[in-house]
Amino acid sequence: MFTSILRFQPLYQERVWGARTLADRMGRSLPPGRPIGESWEIVDRPEAQSVVVDGPFAGMSLRALIEAHGDQLMGPAYDRDRPFPILVKWLDCADRLSLQVHPPAAVADQLGGEPKTENWYIASARPGAHLIVGLKNGVTREAFESAMANSTLEQVVHRFPVSEGDSILVESGRLHAIDAGNLILEIQQNSDTTYRVYDWGRTGLDGKPRQLHVGQSMRSIDFGDFEPQPLRFEAGDAVLAECREFRIRRFTRNPGSFLRLTAGEEPRILSVIAGRVRIAERTLREGDNVILPWSGDFALEAEATATFLLTDHFA
């Protein structure tokens, strides 16, 4: 029986817009001398596999675990050939990301891609940090095409300030970019399809302009998506996202308080944003992301004032 949490080795990704915040803030050991923009915390894809770092299943990949023990990890109704449905990443954005979009399910197959709905939780933000999500009110497809031709896209997209604790759901088809100065926990549908609309005149790590996907982007963008707003909460419990792909809830607990989760309900993902959370003999710290299997009973105890997210309703 799966009675303990599953913790995985992060997979670090070099990105032109990345930095070293995961080492400075979380004490991570990063590949030296490289801008690390993404840490893939939980992933089950052909090109990338999470591997368990400790416990009785140390050294096993997430794919192998589901194939061998899918009924206990995911529940008895889960198809063991189906990939784990969620991908969890840390994003360390020292520079602005490209303006991009993920294809909606209605067009993804036609474009040879996968739909991708994701949620951004702002773990920290420098003063003046912003996000770009959606279009300014009233911007038409024609106005967008004109701005693209004139390199004035920043005038037609919806850009707004953010701060620690903000959260926003970025559904497939929603135009978006992350501005500099954000450390974000991204919880997303298991997909890696991104179409770049514009890259602000930047070159990649090889010194060449990065590839754009204008045709695919124009078929994917929701041109009726005007000025979406982030969720902003004071400290406490809150539902951050509830969509077809997943539900994400935020909890804040004082030292010594518990949250109990019952076996046989559903698998869950626990993400520690701040403080420390103890589960049985293991202490999880800021930045940790683990799977709580379907078959386990879990008591989450805050060792220090802790903020954490629970993701569920994905199986």
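Me: Taking helices as DSSP runs of H or I with at least four residues, and strands as runs of E with at least two, both numbered from the N terminus, where is Glu142 found?
Reply: Glu142 is in helix α4, which covers residues 141-149. This is a predicted model, so local features need pLDDT of at least 70 and side-chain atom pairs count only at pLDDT 80 or more, while totals for chains, interfaces and linings use all residues. Residues are numbered from 1 along each chain as its sequence is written, and side-chain values use heavy atoms, with hydrogens and water left out.

Me: Is Glu142 buried or exposed?
Reply: Exposed: the relative accessible area of Glu142 is 55%. The cut-offs are under 20% for buried and over 50% for exposed, with partly exposed in between (1.4 Å probe, protein chains only).

Me: How many residues sit between β15 and β16?
Reply: Four, and the two strands form a hairpin.

Me: What stands opposite Val239?
Reply: Arg249, over in β16, stands opposite Val239.

Me: OK, new topic. What's the order of strands in the four-stranded open sheet?
Reply: The order is β17-β22-β19-β20, and the pairing is antiparallel.

Me: Which strands are at the edges?
Reply: β17 (258-261) and β20 (282-285) are the edge strands, each pairing on one side only.

Me: How many bridges join β19 to β20?
Reply: Four bridges join β20 to β19, whose residues are 276-279, and these two strands run antiparallel. As for residues facing each other there, Arg278 stands opposite Thr283 in β20.

Me: Why does Ser124 get called buried?
Reply: Because the relative accessible area of Ser124 is 15%.

Me: What does the Ser124 side chain make a polar contact with?
Reply: The side chain of Arg25, at 3.5 Å. A polar contact is a pair of N or O atoms within 3.5 Å; within protein, one must be able to donate a hydrogen and the other to accept it, and residues adjacent in sequence count only if both atoms are side-chain atoms.

Me: Quick recap of Ser124 and Glu142?
Reply: Ser124 is buried, whereas Glu142 is exposed. Ser124 belongs to strand β8, and Glu142 to helix α4.

Methods
Pairing = 2+ DSSP bridges.
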